[in-house]
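Have a look at it first, then read on.

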Amino acid sequence: LPEPDQALLPTLLPETHAFVKAYMARYDSSHDFSHVLRVLNLAHHISQTEQKYLQSVALVAPPTTKVAPLYDSTIVTLAALLHDVGDRKYIKEGEDVDESPVKTFLVGSGASEALGERVQTIVNGVSYSKEIKDPQRVLDLIESYPELAVVQDADRLDAIGAVGIGRTFTFAGAKGSGGPGMENVLKHFEEKLLRLGTMMKTKTGKEMAEKRIQVLREFERCWLEEKSIAG
Ligand code: ADP
Ligand code: NI
C-alpha cells in the first residue's frame with residue numbers, strides 16, 4: 001500500500017470494523033455481521049493457503065527465485081469487511097443511493113481516492129447475478145485485482161455447506177410469510193447454491209467448495225427421504 005494509506009491503517013482498520021458492524025444491523029440474520037467476520041476469516045485462510053502453495057512450488061525452483069506475494073493482505077481485509085455494503089437487494093425503491101458507498105466511507109475516513117476506488121471495484125465484482133450476465137468481466141477484473149478472487153470465493157463458501165444451509169433457513173425465517181417458506185428453501189439449492197460451487201476462482205476455494213457441495217447434496221438426499229414418508 002502506498003505510504004499515506006499505510007500510515008492510516010492503525011485507525012482505518014478499526015474504523016472500518018465498527019462501520020460495518022453498525023451497517024450490517026439493517027440486514028436480516030442470514031446476512032449479519034457474523035457473516036462478514038466468517039468471510040473475513042475465510043478470505044485470509046484462502047489467501048494464505050494459496051501463498052503457501054506457491055511457495056511449495058518455488059522449493060523446487062532455483063534458489064534465487066523470489067516468491068512475490070499474490071495478494072495484499074490489507075486489501076483482502078478491507079474488501080472482505082466491506083463486501084456487503086451497498087447491496088442492491090436491500091435498497092428500497094425510490095431511495096437515494098450512493099453508487100460508491102464503500103469509496104465514500106474509505107475516503108471519508110482519510111484514505112486516498114486510489115485506495116477507495118480499488119476496494120470499491122473489488123466489492124462491485126463480488127456479485128453473483130452480475131457474473132451470470134457477464135462472466136468474462138469478473139475474470140478480467142481479477143487480472144488487475146487478484147484479491148477479488150479470494151473475497152468472492154470466501155463469500156460463496158459461506159453460502160454453501162452446513163453454514164450455508166443454516167443461512168437459507170435463517171433467510172426464510174426472517175422473510176416470514178413474504179419469503180420462500182421453509183418447504184421451498186431447497187429450491188434455492190438448485191437455483192443458486194449448487195451453481196456457486198462450480199464458480200470458484202482459487203484452487204483452495206475449489207477444494208473447500210467440493211466438500212461443502214457434498215454437504216448440500218447429502219442434506220437434500222436426507223430431506224427427500226424424510227419427505228417420501230412424511231409428505
Ligand atoms: P450474500 O450477498 O452474502 O452472498 P445473499 O444476500 O445473496 O448473500 O443471501 C443471504 C443468505 O440468504 C444466503 O445464505 C442465501 O443462500 C440465502 N438466500 C437468499 N435467497 C434465498 C432464497 N430464495 N431461499 C433461501 N435462502 C436464500
Ligand atoms: Ni456476503
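Let's start with Leu42, which sits in helix H2; helices here are DSSP runs of H or I with at least four residues, strands are runs of E with at least two, and both are numbered from the N terminus. Leu42 is buried because it has 23 other C-beta atoms within 10 Å. On that scale, buried takes 20 or more other C-beta atoms within 10 Å of a residue's own, exposed takes 12 or fewer, partly exposed is in between, and the C-beta atoms are placed from the backbone. Setting aside residues up to four places away in sequence, Leu42 touches Ala154, Leu157 and Asp158, where contact means backbone-placed C-beta atoms within 7 Å of each other.

Some ground rules: this is a predicted model, so local features need pLDDT of at least 70 and side-chain atom pairs count only at pLDDT 80 or more, while totals for chains, interfaces and linings use all residues. Residues are numbered from 1 along each chain as its sequence is written, with chains lettered from A and ligands numbered from 1 in the order in which they are written.

**Other residues**

His31 is in the loop between H1 and H2, and it is buried, with 20 other C-beta atoms within 10 Å. Met208, over in helix H11, is buried too, as it has 23 C-beta neighbours inside 10 Å. Ala22 belongs to helix H1 and counts as exposed, because it has 10 C-beta neighbours inside 10 Å.

| Pair | Apart in sequence | C-alpha to C-alpha |
|---|---|---|
| Leu42 and Leu216 | 174 residues | 19 Å |
| His31 and Phe171 | 140 residues | 8.1 Å |
| Ala22 and Gln48 | 26 residues | 28 Å |
| Met208 and Asp153 | 55 residues | 9.6 Å |

**The core**

In soluble globular proteins, nonpolar side chains tend to be buried together. The largest nonpolar core in this model has 43 residues, and Ala43, Ala79, Ala80, Leu82, Val119, Val151 and Ala154 have the most contacts inside it. (A nonpolar core is a set of buried Ala, Val, Leu, Ile, Met, Phe, Trp, Tyr and Cys residues joined through C-beta atoms within 7 Å.) Several helices supply at least two residues each, including H1 (3–24), H2 (33–58), H3 (73–82) and H11. The largest share is from H3, at 7 residues. As for Leu82, its contacts beyond four places in sequence are Thr16, Val20, Val102, Val119 and Val123.

**H9 against H11**

Two packed helices are described by the angle between their axes and the distance between the axes. Helix H9 (residues 161–175) and helix H11 (residues 203–230) have axes that come within 7 Å and cross at roughly 50°. The axes are lines fitted to C-alpha atoms, for helices over the stretch in contact, with angles from 0 to 180 degrees between N-to-C directions. H9 and H11 are therefore oblique to each other: under 35 degrees is roughly parallel, over 145 roughly antiparallel, 65 to 115 roughly perpendicular, and the rest oblique. H9 brings Gly161, Ala162, Gly164 and Ile165 to the contact, while H11 brings Arg212, Val215, Leu216 and Phe219.

**Around ligand 1**

Which residues come nearest to ligand 1? Of the 16 around it, they are Ser30, Arg167, Thr168, Phe171 and His188, with near meaning a backbone-placed C-beta atom within 6 Å of the molecule. H9 gives the most to this shell, with 5 residues, and H9 and H10 each supply at least two.

Technical notes: Contact = placed C-beta atoms within 7 Å.
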